Amino acid sequence: MANGKCAVIGDRDSVLLFRAVGIEVFAETDGERANQIMHRLARTGYAVIYVTESLYPHCAETIAEFSTEAYPAIIPIPDALGSKGIGMKSLKENVEKAVGVDILSNS
């Protein structure tokens with residue numbers, strides 16, 4: 001069961017400010033090490049893990065592994081270079097899965 005803790009994984013410039021709001025920060029750019037961190041955080045009961053969009057594709061297997069579980073929620077966020085659209089795509093897919101139709105489309 002999740003204990004309500006949150007963490008963020010990504011490059012140092014993108015994640016360091018999260019520490020100011022009480023989110024545990026893991027400065028990491030290597031996909032394999034990020035996967036290991038995610039597994040460790042999941043085992044220790046983290047509810048939410050934010051991952052920068054540049055690191056997110058390198059963690060696809062781990063993210064898929066936890067996608068059917070209630071916790072942790074693994075959420076992509078833009079990095080210091082800006083958004084790559086991965087976060088919005090993930091949100092749209094999850095909303096469509098939950099509702100049955102794409103309600104976030106602009107068309």
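The questions below go through a predicted model, from the whole chain down to single residues.

Q: What makes up the chain, and in which order do the elements run?
A: The chain has 4 helices and 4 strands. From the N terminus on, they run β-α-β-α-β-α-β-α.

Q: Why is Cys 6 called partly exposed?
A: Its relative accessible area is 25%. Buried needs under 20%, and exposed needs over 50%. Cys 6 falls in between, so it is partly exposed.

Q: Is Cys 59 buried or exposed?
A: Cys 59 has 0% relative accessibility. The cut-off for buried is under 20%. Therefore Cys 59 counts as buried.

Q: What share of the chain counts as buried?
A: Of its 107 residues, 36% are buried. The chain exposes about 6700 Å². Carbon and sulfur atoms supply 54% of that area.

Q: What is the strand order of the sheet, and how are the strands paired?
A: The order is E2-E1-E3-E4 in an open sheet of 4 strands, and the pairing is parallel. Strands of a sheet pair through backbone hydrogen bonds, either parallel or antiparallel.

Q: Why are E2 and E4 called edge strands?
A: Strand E2 (24-27) and strand E4 (73-77) each have a single partner strand. One side of each is therefore left without a neighbour in the sheet. On average, neighbouring strands of this sheet are turned by 20 degrees against each other, direction ignored.

Q: How do you know that E3 pairs with E4?
A: Pairing needs at least two bridges. Strand E3 (residues 48-52) has 5 bridges to E4, and the two run parallel. Val 51, for instance, has Pro 76 in E4 as its bridge partner.

Q: Which element packs on this sheet?
A: Helix H2 (residues 31-43) does, touching strand E1 (6-10), E2, E3 and E4. The direction of H2 makes about 175 degrees with that of E1.

Q: What pairs E1 with its neighbours?
A: E1 and E3 pair in the parallel sense over 4 bridges. E1 and E2 also pair in the parallel sense over 4 bridges. At least two are needed, so both pairs qualify. Ala 7 stands opposite Ile 49 in E3. Gly 10 stands opposite Ala 27 in E2.

Q: What makes E1 mostly covered?
A: In E1, 4 of its 5 residues are buried.

Q: Which residues have the most contacts inside the largest nonpolar core?
A: They are Ile 9, Met 38, Leu 41, Ile 49, Val 51 and Ile 74, in a core of 16 residues. E1, H2, E3 and helix H3 (60-66) each supply at least two residues of this core. H2 gives the largest share, 4 residues. In soluble globular proteins, nonpolar side chains tend to be buried together.

Q: What does Val 51 touch beyond its neighbours within four places in sequence?
A: Val 51 is in contact with Ile 9, Met 38, Tyr 56, Ile 74, Ile 75, Pro 76 and Ile 77. A second, separate core of 5 residues includes Val 8, Val 15, Val 25 and Ile 77.

Q: Why does Thr 52 count as buried?
A: Thr 52 lies in strand E3. Its relative accessibility is 0%. That is under 20%, so Thr 52 is buried. Residues up to four places away in sequence aside, Thr 52 touches Ile 9, Gly 10, Asp 11, Ser 14, Val 15, Ile 77 and Asp 79.

Q: Why is Gln 36 called partly exposed?
A: Gln 36 lies in helix H2. Its relative accessible area is 46%. Exposed needs over 50% and buried needs under 20%, so Gln 36 is partly exposed.

Q: Where is the cis peptide bond, and what is its omega?
A: It joins Tyr 71 and Pro 72, with omega about 0 degrees. Pro 72 is found in the loop between H3 and E4.

Definitions and conventions:
Residues numbered from 1 in each chain as written. Predicted model: local features only at pLDDT ≥ 70, side-chain atom pairs only at ≥ 80, totals over all residues. Heavy atoms only, no water. Buried < 20%, exposed > 50% of the residue type's maximum accessible area, 1.4 Å probe, protein only. Areas by Shrake-Rupley, 256 points an atom, 1.4 Å probe, with all protein chains shown as cover. Axes fitted to C-alpha atoms, helices over the stretch in contact; angles between N-to-C directions. Contact = heavy atoms within 4.5 Å. Core = buried A, V, L, I, M, F, W, Y, C linked by side-chain atoms within 4.5 Å.
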